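Please keep the sequence and the model in view while reading.

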Amino acid sequence: MAKDFATMEDSNRSSNPSIHDVSDPARRTVLRGGLGAAVGGLLAPLGVGTLAGCATAAGAQPLLGFKGVPVSTADAVTVPEGYVTQVVAAWGEPVGVAGAMPAFRFDAGHTAAEQALQIGMHHDGLHYVALDGSRRGLLVINHEYVDDGLLHPDGLATWGAEKVRKAQAAHGVSVIEVEWRDGRWRQVLPSRHARRITAFTPCAIAGPAAGHALMRTAADPAGTVVLGTLNNCASGKTPWGTVLTCEENFVFYFKGPEQPDAHERRWGLRPSTAPSFFRWHEFDERFDAGRRPNEPNRFGWVVEIDPLDPTSTPVKRTALGRAAHEGATVAVTKDARAVVYMGEDARFEYIYKFVSRDRIRPGGLGANRELLDHGTLHVARFDADGNGRWLPLVHGRRPLTAEQGFADQGEVLVKARQASDLLRATKMDRPEWIDVDRDGWVYCALTNNSQRGAAGQPAVDAANPRANNTTGHIIRWKEDGDFDAVTFQWNHFVLAGDPANERADAKGNVNGDAFACPDGLWVDARGVLWIQTDMSTSAMGRGDLARLGNNQMLAADPRTGEIRRFLVGPPGCEITGATATPDGRTMFVNVQHPGEAPSERSDPANPRRHSNWPDLRPDGRPRSATVVIRKADGGLIGT
Ligand code: FEO
Ligand code: CA
Ligand code: CA
Ligand code: CA
């Protein structure tokens with residue numbers, strides 16, 4: 001998510017000082033390997049092994065075979081020579097529910113009820129779920145938030161219940177069916193799989209915090225069902241066929257109480273006099289935390305959805321902890337337990353790892369319905385000597401005891417930030433996406449943190465080595481043994497930043513094409529580490545980001561460290577979510593909020609001011625959409 005949310009994250013800043021001393025990232029040495037052979041086998045259930053039909057490709061040719069593209073400010077998606085793109089799933093198109101396919105209106109005049117049957121706004125995490133191999137499948141698309149200036153014909157000029165409902169309907173997740181036919185990808189309309197999950201879709205609450213006193217409300221006295229999921233940012237896919245969609249900046253949907261208590265302040269709720277960005281509370285009382293104090297506790301979870309069953313109920317998995325969840329990436333131990341890596345994208349927040357108690361059983365979702373309800377959540381501590389430790393968030397183990405204010409495990413999970421503070425985990429520079437490469441390195445994008453080292457804020461540390469970190473970095477670690485290890489070794493994969501920057505510590509050490517503010521990370525089946533950027537609209541084109549153009553996607557070779565620019569998006573956008581067909585020949589990438597104004601609210605009188613992508617119509621307005629990328633010769637993406 002972009003700038004103003006990050007600005008608002010100021011209210012989340014902890015006063016707990018960092019335990020880490022200043023250290024020099026240049027001291028980092030390459031860490032010992034030794035996992036490579038084993039990890040290939042470990043990841044096989046996830047499909048990160050060899051590609052069907054191209055098993056020799058990875059070894060026979062360089063990982064990066066395309067000619068990189070230059071930076072750009074064009075109102076277009078730019079890809080390398082020999083590649084072609086098309087657009088699917090733009091905001092407002094029907095998802096394909098039979099008998100209910102309202103068309104998009106370019107004046108944004110569609111109703112809330114219609115929006116609930118159409119593709120949402122601000123596409124983020126993205127997965128392809130195969131129905132027929134690489135020819136037909138589902139796209140599961142997160143919709144992170146909305147631009148009310150674009151969503152309604154007159155923007156915010158008036159405000160009312162219908163607009164709140166429409167905004168809620170544009171959030172959540174879309175499941176659409178796509179197929180490769182007659183030489184291009186098409187949306188299947190109607191589709192029996194098509195579905196919208198919105199900010200008012202009933203979701204079950206499972207795991208140790210289900211039914212907890214902190215989760216009960218007047219509307220849900222049992223504390224087991226919550227309406228909706230929101231601010232769905234990154235997402236993960238499980239080996240048993242489900243998708244994990246993650247609730248990130250939920251706090252900005254709430255009006256705070258008159259005087260927030262310590263728990264509410266730690267999660268960023270501000271006094272009721274502070275303006276609410278989304279103004280939902282004005283017509284939906286549950287977003288008024290003064291009146292519904294437990295409602296915020298019911299957001300900030302990882303939500304498991306079954307993309308194959310449009311009647312299934314999404315489940316908030318509380319065992320994975322509450323956070324401003326960026327994403328949830330699943331690895332598998334040798335004995336088949338699920339390990340879920342999660343970043344919390346806010347300044348000075350944490351990186352988490354959940355290890356399931358039970359093994360993944362054959363039989364898909366039916367055999368693994370409660371797998372994510374039992375296990376141990378950990379938070380990461382990165383030590384200055386290159387070692388690291390996973391600290392368990394387990395009630396009863398000091399300091400997570402009743403004397404410290406944690407009545408039980410449910411309270412530890414609802415208050416995971418406070419628990420992590422007490423455990424003295426490492427406060428990071430906004431952890432975004434996480435993924436695992438073929439050699440077992442786990443990568444996390446740390447997008448930026450302009451407050452690092454500022455007065456009253458945590459100082460630089462070994463893992464977050466730059467004050468006023470405007471350009472971000474990517475950290476990586478390798479577990480000491482299997483993915484469930486409690487210790488690891490870490491280094492920096494890259495410090496991002498333009499080498500031409502004036503400020504020495506904003507230059508970065510990129511081996512290849514300059515970039516800044518890494519956000520999305522995805523390792524494809526060939527082993528390419530794809531890096532997507534989120535330079536905020538207010539900072540783009542200025543200062544340390546002056547020469548980097550629009551947001552973009554780059555490809556990295558994890559073994560050589562080379563980074564090459566593959567795609568540049570239109571102005572004001574962020575490049576998010578990436579996925580591919582199993583054959584590696586079609587890639588899907590999301591373009592989020594093209595044309596976003598620095599204020600994050602478009603002018604409805606002039607919606608095309610910054611971008612008119614993708615429709616380029618005189619009466620259009622910029623729309624988030626999914627971009628399909630192919631090689632013109634049908635080859636593997638990235639070669
Ligand atoms: Fe939704 Fe942290 O990006
Ligand atoms: Ca964004
Ligand atoms: Ca971001
Ligand atoms: Ca993100």
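## A pair of facing residues in a sheet

Val302 stands opposite Arg317 in S12. Strand S11 (residues 302-305) and S12 pair in the antiparallel sense over three bridges; two strands count as paired if DSSP finds at least two bridges between them. Strands here are DSSP runs of E of at least two residues, numbered from the N terminus.

The structure is a predicted model, in which local features need pLDDT of at least 70 and side-chain atom pairs count only at pLDDT 80 or more, while totals for chains, interfaces and linings use all residues. Residues are numbered from 1 along each chain as its sequence is written, chains are lettered from A and ligands numbered from 1 in the order in which they are written, and side-chain values use heavy atoms, with hydrogens and water left out.

S11 and S12 belong to an open sheet of six strands, ordered S8-S7-S12-S11-S10-S9, with mixed pairing. Strand S8 (225-227) and strand S9 (232-237) stand at the edges with a single partner strand each, so one side of each is left without a neighbour in the sheet. From one strand to the next, the twist averages 35 degrees; the strand axes are lines fitted to C-alpha atoms, and angles run from 0 to 180 degrees between N-to-C directions. In general, strands of a sheet pair through backbone hydrogen bonds, either parallel or antiparallel.

## The calcium site

Which residues supply the protein donors of the calcium ion (ligand 4)? They are Glu326 (OE), Glu432 (OE), Asp519 (OD) and Asp519 (OD), at 2.2 to 2.7 Å from the ion. Donors are N, O and S atoms within 2.8 Å of the metal (3.2 Å for Na, K and Ca), and sites may look incomplete because water is not among the atoms. Along the chain, the donors follow the spacing E-x105-E-x86-D. The calcium ion (ligand 3) is 3.6 Å from the calcium ion (ligand 4), and Glu432 coordinates both.

Glu326 lies in the loop between strand S12 (315-317) and strand S13 (329-332), whereas Asp519 lies in strand S25 (residues 518-523), so the pair ties together parts that are 193 residues apart in sequence. Glu326 is buried at 0% relative accessibility, and Asp519 is buried at 1%. Buried means under 20% relative accessible area, exposed means over 50%, and partly exposed lies in between (1.4 Å probe, protein chains only).

## Salt bridges

The structure holds 40 salt bridges, each defined as a side-chain nitrogen of Lys or Arg within 4 Å of a carboxyl oxygen of Asp or Glu. In general, side chains of opposite charge can pair when their charged atoms come close. Three of these salt bridges are listed here.

| Salt bridge | N to O distance |
|---|---|
| Glu285 and Arg291 | 2.9 Å |
| Lys353 and Glu479 | 3.2 Å |
| Arg503 and Asp544 | 2.8 Å |

Arg503 is partly exposed at 25% relative accessibility, while Asp544 is buried at 17%.

The setting of the other two pairs can also be described. Lys353 is buried at 0%, and Glu479 is buried at 4%. Glu285, by contrast, is partly exposed at 32%, and Arg291 is exposed at 53%. Elsewhere, a network of salt bridges links Arg266, Glu344, Glu349, Arg417, Asp421 and Lys427.

## Aromatic rings

The structure holds 29 aromatic pairs. Rings of Phe, Tyr and Trp (its six-membered ring) pair if their centres lie within 6.5 Å; planes under 30 degrees apart count as stacked, over 60 as edge-to-face and the rest as tilted. The ring centres of Tyr128 and Trp185 are 6.2 Å apart and their planes meet at 85 degrees, so the pair is edge-to-face. Tyr128 lies in strand S2 (residues 123-132) and Trp185 in strand S5 (residues 184-187), so the pair ties together parts that are 57 residues apart in sequence. Tyr128 is buried, with a relative accessible area of 2%, and Trp185 is buried, also with 2%.

Ring pairs also link Tyr253, Phe254, Phe277, Phe278, Trp280, Phe287 and Phe299 into a cluster.

Technical notes: Helices (H or I, at least four residues) and strands (E, at least two) are DSSP runs, numbered from the N terminus.
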